[in-house]
Amino acid sequence: AAAKRRVAFDVLFWRGSLARWVDVWLPEGGGDSEPPLRPSSLAASSGAAARAPTLADFALPLWAGLADEDQAAWTIDALFHSGLPGPGGVAVTSVASGQQWDAPNA
């Protein structure tokens, strides 16, 4: 079951062209008229692909043990180049909005 979950997670969230996991942005609306969710339509999602990795969420699969060796290496490299690691750990975001969860808090 765990192996199937990992495969499903990769199909839905991993973008090889970006070498990272991304959020899935579902179309607004819903209801019976929506087409079924397909990986091909998710891969073309411009919202997820356009967002730069300024949030640490793209690295969470590392802590869940979902990364293969290549994914782990790419994700660690992206994390270190994201500007998120700091003296106290990894910041959740690089956005300094004044909110408790935003930079510079880790």
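This is a predicted model: local features need pLDDT of at least 70, side-chain atom pairs count only at pLDDT 80 or more; totals for chains, interfaces and linings use all residues.
The structure holds two salt bridges.

**Salt bridges**

In one of the salt bridges, the side chains of Arg6 and Asp10 meet at 2.9 Å, taken from N to O. Both residues belong to helix α1 (residues 2–13), where they are four residues apart, and so about one helical turn separates them. Asp10 is buried, with a relative accessible area of 15%, whereas Arg6 is partly exposed at 23%.

Arg6 also forms a salt bridge with Asp68, and here the closest N and O atoms are 3.7 Å apart. This pair links distant parts of the chain: Arg6 lies in helix α1, while Asp68 lies in the loop between α4 (60–63) and α5, 62 residues apart. Asp68 counts as partly exposed, at 35% relative accessibility. Through shared partners, the salt bridges join Arg6, Asp10 and Asp68 into one network.

**Aromatic rings**

There are three aromatic pairs in the structure. The rings of Trp14 and Trp21 have centres 4.8 Å apart and planes at 70°; the pair is therefore edge-to-face. Trp14 and Trp21 are both buried. Trp14 also pairs with Trp74: the ring centres are 6.0 Å apart and the planes stand at 15°, so this pair is stacked. Together, Trp14, Trp21 and Trp74 form one aromatic cluster.

**Accessibility of selected residues**

| Residue | Relative accessible area | Class |
|---|---|---|
| Asp10 | 15% | buried |
| Trp14 | 15% | buried |
| Arg6 | 23% | partly exposed |
| Asp68 | 35% | partly exposed |
| Trp74 | 43% | partly exposed |

Trp14 counts as buried because its relative accessible area of 15% falls under the 20% limit for that class. Trp74, at 43%, is partly exposed.

**Nonpolar core**

The largest nonpolar core has six residues in all: Ala56, Phe58, Ala59, Leu79, Leu84 and Ala91. Leaving aside residues up to four places away in sequence, Leu79 touches Phe58, Ala59, Leu84, Pro85 and Val90. Among these contacts of Leu79, Phe58, Ala59 and Leu84 are themselves members of the core.

Note on methods:
Residues are numbered from 1 along each chain as its sequence is written. Side-chain values use heavy atoms; hydrogens and water are left out. A nonpolar core is a set of buried Ala, Val, Leu, Ile, Met, Phe, Trp, Tyr and Cys residues joined through side-chain atoms within 4.5 Å. Buried means under 20% relative accessible area, exposed over 50%, partly exposed in between (1.4 Å probe, protein chains only). Contact means heavy atoms within 4.5 Å. Rings of Phe, Tyr and Trp (its six-membered ring) pair if their centres lie within 6.5 Å; planes under 30 degrees apart count as stacked, over 60 as edge-to-face and the rest as tilted. A salt bridge is a side-chain nitrogen of Lys or Arg within 4 Å of a carboxyl oxygen of Asp or Glu. Helices (H or I, at least four residues) and strands (E, at least two) are DSSP runs, numbered from the N terminus.
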